[in-house]
Amino acid sequence: MDTIASLFSFITTPVSWVIVQFHTVYGALFGDDTGWAWGLSIVSLVILIRICLIPLFVKQIKATRAMQTLQPEMKKIQERYKNDKQRQSEEMMKLYKETGTNPLSSCLPILAQSPFFFALYHVLNSIANNDTIGVINESLLESAQKAHIFGAPLAATFTDSAAEAAKLDASITTVRIVTAIMIVLMSLSQFYTQRQLMTKNVDTTVKTPFMQQQKMLMYIFPIMFAVFGINFPVGVLVYWLTTNVWTMGQQMYVIHNNPTPGSKAQAAYLERLLKHVTRHGKTRNRRERAIVKAIVVKGRDRNEYERKFINGLNKEGLAAQTDGTVIKGEASAVATAEDGTPTPAKRQQPKRQTKAQRQAGATKTADDAEQQSTPTSLSKSDEPEDAKPAAAAKKAAPGPGTGGRSKAQSGQRKGQQRPKSPSKK
């Protein structure tokens with residue numbers, strides 16, 4: 001065992017033990033020395049590791065979406081402190097701390113499975129060098145060296161010479177054809193996985209340097225796999241091809257059922273959800289209710305696809321509620337406005353009156369007011385006795401020499417006046 005392998009002995013022993021256990025099961029079905037037994041053991045190891053990494057994958061999705069949400073704020077910080085890199089880094093760390101995000105979270109699955117990858121590499125390299133490692137003893141070592149996958153030995157590489165391939169009882173042409181096909185499939189699967197993420201599950205409304213970096217990685221990663229893949233043993237290529245296919249399928253499931261807000265995948269998902277809800281009049285499960293609830297709570301912050309979804313429900317006489325459910329009916333339903341606030345059902349507006357009806361109504365109202373202001377005989381009888389002479393005096397005829405009431409009142413002077421002397425006969 002070489003020095004590098006000894007450094008990974010803490011992980012090579014468990015990895016070799018898992019491979020041996022799977023080989024025992026598949027060896028009973030296909031034979032101990034067959035490539036199916038050893039190849040399926042490696043595939044099963046990948047599946048077991050990826051199942052254990054599912055919680056990290058969920059964190060990766062949340063971290064990636066959180067980073068996409070922060071892109072506008074990050075861009076503002078970069079523009080504000082473009083001449084002060086230290087202040088820019090401090091503000092970035094402050095933003096990460098306030099929002100609870102971590103840029104390294106998106107790399108957790110890759111970082112977590114890296115030790116298993118190196119351990120498997122050294123296990124297969126030891127098999128090629130005829131060295132025992134971990135729990136793989138001499139008998140298992142001899143069985144693994146006899147195993148061929150489509151004619152290529154488990155420990156052979158693309159760069160092996162004809163003599164090295166002959167030691168493993170194989171043809172160098174067969175080895176290079178098989179390894180070349182695996183390297184191409186591995187690179188294509190990596191490219192398709194990254195391209196699927198960039199074209200379908202990215203918020204297209206946000207244009208930041210982060211998006212450009214992701215596009216660059218879409219082309220860089222496949223090239224890296226192709227360059228380093230020529231030095232990988234066939235068993236490691238099986239491992240990496242299996243993990244790429246697993247990642248691709250896992251990502252397809254997430255994009256189809258839980259897309260990123262503002263992405264094309266969200267538009268397709270909400271269109272499917274709208275068809276189902278309008279057909280059945282309700283949401284199917286808790287996940288759909290959570291998505292509808294999140295859309296309702298956003299209010300004015302909804303994107304184009306979410307507003308289209310809410311408007312589609314309203315056109316069908318349905319209303320999305322704040323708990324994520326959908327109800328029918330206009331009289332009792334509480335619709336959801338564009339700003340996310342609940343609004344009562346529409347009230348029936350009164351009929352518009354004609355001009356003649358409005359004038360007749362105004363005349364009737366004036367007559368009623370005049371009748372109410374005119375005192376009745378009953379109200380007159382209720383007046384006190386001492387108020388009647390004063391009222392009678394006010395209604396007395398005008399003085400002599402004046403023709404009418406209005407003239408007498410206009411000719412009078414203010415203040416107390418002297419009584420006139422009686423005329424002589």
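**Contacts, helix packing and aromatic pairs in a predicted model**

When neighbours within four places in sequence are set aside, Asn244 is in contact with Met186, Ser189, Gln190 and Thr193. The model described here is predicted. Asn244 belongs to helix α11 and is classed as buried, because its relative accessibility is 5%. For one of these contacts the separation was computed along the chain and in space: Asn244 and Ser189 are 55 residues apart in sequence, whereas their C-alpha atoms are 6.1 Å apart. Gln250 is likewise placed in helix α11, which spans residues 234–257. With a relative accessible area of 13%, Gln250 is buried. Beyond its neighbours within four places in sequence, Gln250 is in contact with Arg50, Ile54 and Phe57.

The protein chain as a whole contains 18 helices and 6 strands. Of its 425 residues, 36% count as buried. Among contacts between residues at least 6 apart in sequence, 64% join residues at least 24 apart.

Lys264 provides a further example of a contact between separate parts of the chain. This residue is found in helix α12, and its relative accessible area of 53% places Lys264 in the exposed class. Residues up to four places away in sequence not being counted, Lys264 touches Thr199 and Lys200. The C-alpha atoms of Lys264 and Thr199 are 7.7 Å apart, while 65 residues separate the two in sequence.

Helix packing was examined next. Two packed helices are described by the angle between their axes and the distance between the axes. For helix α12 (residues 264–280) and α13, the axes come within 12 Å and cross at roughly 110°. Helix α12 is therefore roughly perpendicular to α13. On the α12 side, the contact involves Tyr269, Leu270, Leu273 and His276, which meet Arg287, Glu288, Ile291, Val292 and Ile295 of α13. Sorted by class, the residues of this contact comprise 6 nonpolar, 1 polar and 2 charged.

Helix α13 (residues 286–298) also packs against helix α14 (residues 304–315), with axes that come within 11 Å and cross at roughly 100°. An angle of 65 to 115 degrees counts as roughly perpendicular, so this description applies to α13 and α14. Here Val292, Ile295 and Lys298 of α13 meet Glu306, Phe309 and Ile310 of α14. The contact of α13 with α14 has 4 nonpolar and 2 charged residues, and no polar ones.

Aromatic residues were then considered. A pair of aromatic rings is described by the distance of the centres and the angle of the planes. A search of the whole structure gives 5 aromatic pairs. In one of them, the ring centres of Phe22 and Tyr26 are 6.5 Å apart and the planes are at 25°, so the pair is stacked. Phe22 and Tyr26 lie 4 residues apart in helix α2 (residues 9–30), and are therefore separated by about one helical turn. Phe22 is partly exposed, as its relative accessible area is 23%.

The rings of Phe191 and Tyr219 are also paired, with centres 5.7 Å apart and planes at 50°, so this pair is tilted. Phe191 lies in helix α9 (residues 172–200) and Tyr219 in helix α10 (residues 209–229), and the pair links distant parts of the chain, 28 residues apart. With 26% relative accessibility, Phe191 is partly exposed. One aromatic cluster is formed by Phe225, Tyr239 and Trp240. A charged side chain is also placed against a ring: Arg176 lies over the face of Phe158, at 5.8 Å from the ring centre.

Positive phi values were noted in two loop residues. Phe150, located in the loop between β1 (148–149) and β2 (152–153), has a phi near 55°, a positive value in a residue other than glycine. Phe150 is exposed, with a relative accessible area of 67%. Asp169 lies in the loop between α8 (162–167) and α9. Although Asp169 is not a glycine, its phi is positive, at about 60°. The relative accessible area of Asp169 is 65%, and this residue is exposed.

Definitions and conventions: Residues numbered from 1 in each chain as written. Predicted model: local features only at pLDDT ≥ 70, side-chain atom pairs only at ≥ 80, totals over all residues. Heavy atoms only, no water. Axes fitted to C-alpha atoms, helices over the stretch in contact; angles between N-to-C directions. Parallel < 35°, antiparallel > 145°, perpendicular 65-115°, else oblique. Contact = heavy atoms within 4.5 Å. Nonpolar A, V, L, I, M, F, W, Y, C, P; charged D, E, K, R; others polar. Phe/Tyr/Trp six-rings, centres within 6.5 Å; stacked < 30°, edge-to-face > 60°. Buried < 20%, exposed > 50% of the residue type's maximum accessible area, 1.4 Å probe, protein only. Lys NZ or Arg CZ within 6 Å of the ring centre and 35° of its normal.
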